[in-house]
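Subject: Structure for your review

Dear colleague,

Please find the structure below, together with its sequence. I would be grateful if you could read the notes that follow alongside it.

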Amino acid sequence: MSIIAAGIMIGLAALGAAIGNSNLFAKYIEGIARQPEARGTLFGQTMILFGLIEALPIIGVAFGILVLLGVFK
């Protein structure tokens with residue numbers, strides 16, 4: 001059962017990251033298209049948010065591995 005739980009955790013973490021990153025970069029490109037002069041500011045903010053979005057799936061994968069190894073029994 002823990003193998004299934006770990007697989008679900010890791011899979012949903014990857015899916016959430018993919019959806020979050022796609023929305024983020026779609027809005028980034030849209031923002032550049034609307035205001036090309038704000039490209040530098042938008043890039044900095046986008047990279048900060050990219051790091052925050054990627055942190056949560058990494059934590060999810062870590063918990064999935066911990067469940068797989070049986071730490072939470």
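Predicted model: local features only at pLDDT ≥ 70, side-chain atom pairs only at ≥ 80, totals over all residues.

Residues are numbered from 1 along each chain as its sequence is written, and side-chain values use heavy atoms, with hydrogens and water left out.

Annotations

UniProt, in an unreviewed entry, places the feature "domain: V-ATPase proteolipid subunit C-like" at residues 4-66. UniProt positions are given in the numbering used here, feature names are shortened, and annotations may be inferred rather than shown by experiment. The span 4-66 is 94% helix and 0% strand, and its end C-alpha atoms lie 13 Å apart. Helices (H or I, at least four residues) and strands (E, at least two) are DSSP runs, numbered from the N terminus. The unreviewed entry in UniProt also lists residues 42-72 as "transmembrane region". For residues 42-72 the end C-alpha atoms are 41 Å apart, with 90% helix and 0% strand.

Salt bridges

A search of the whole structure finds two salt bridges, a salt bridge being a side-chain nitrogen of Lys or Arg within 4 Å of a carboxyl oxygen of Asp or Glu. E30 pairs with K27, the closest N and O atoms being 3.9 Å apart, and R34 pairs with E30 at 3.5 Å between the closest N and O atoms. E30 is partly exposed, with a relative accessible area of 34%, whereas K27 is exposed at 57% and R34 is exposed at 65%. Here buried means under 20% relative accessible area, exposed over 50%, and partly exposed in between (1.4 Å probe, protein chains only).

Aromatic contact and a buried residue

The structure holds two aromatic pairs. One of them is formed by Y28 and F43, which are tilted, at 6.4 Å centre to centre and 55° between the planes. Rings of Phe, Tyr and Trp (its six-membered ring) pair if their centres lie within 6.5 Å; planes under 30 degrees apart count as stacked, over 60 as edge-to-face and the rest as tilted. This pair links distant parts of the chain, with Y28 in helix α1 (residues 2-34) and F43 in helix α2 (residues 39-69), 15 residues apart. Y28 is buried at 13% relative accessible area, while F43 is partly exposed at 43%.

N21 is in helix α1 and is buried, with 13% relative accessibility. Leaving out residues up to four places away in sequence, N21 touches F50, I53 and E54, where contact means heavy atoms within 4.5 Å.

V61 and L69

V61 lies in helix α2 and is partly exposed at 31% relative accessibility. Not counting residues up to four places away in sequence, V61 touches I10 and A13. The C-alpha atoms of V61 and A14, 47 residues apart along the chain, are separated by 8.4 Å. L69, in helix α2, is exposed at 65% relative accessibility.

With kind regards
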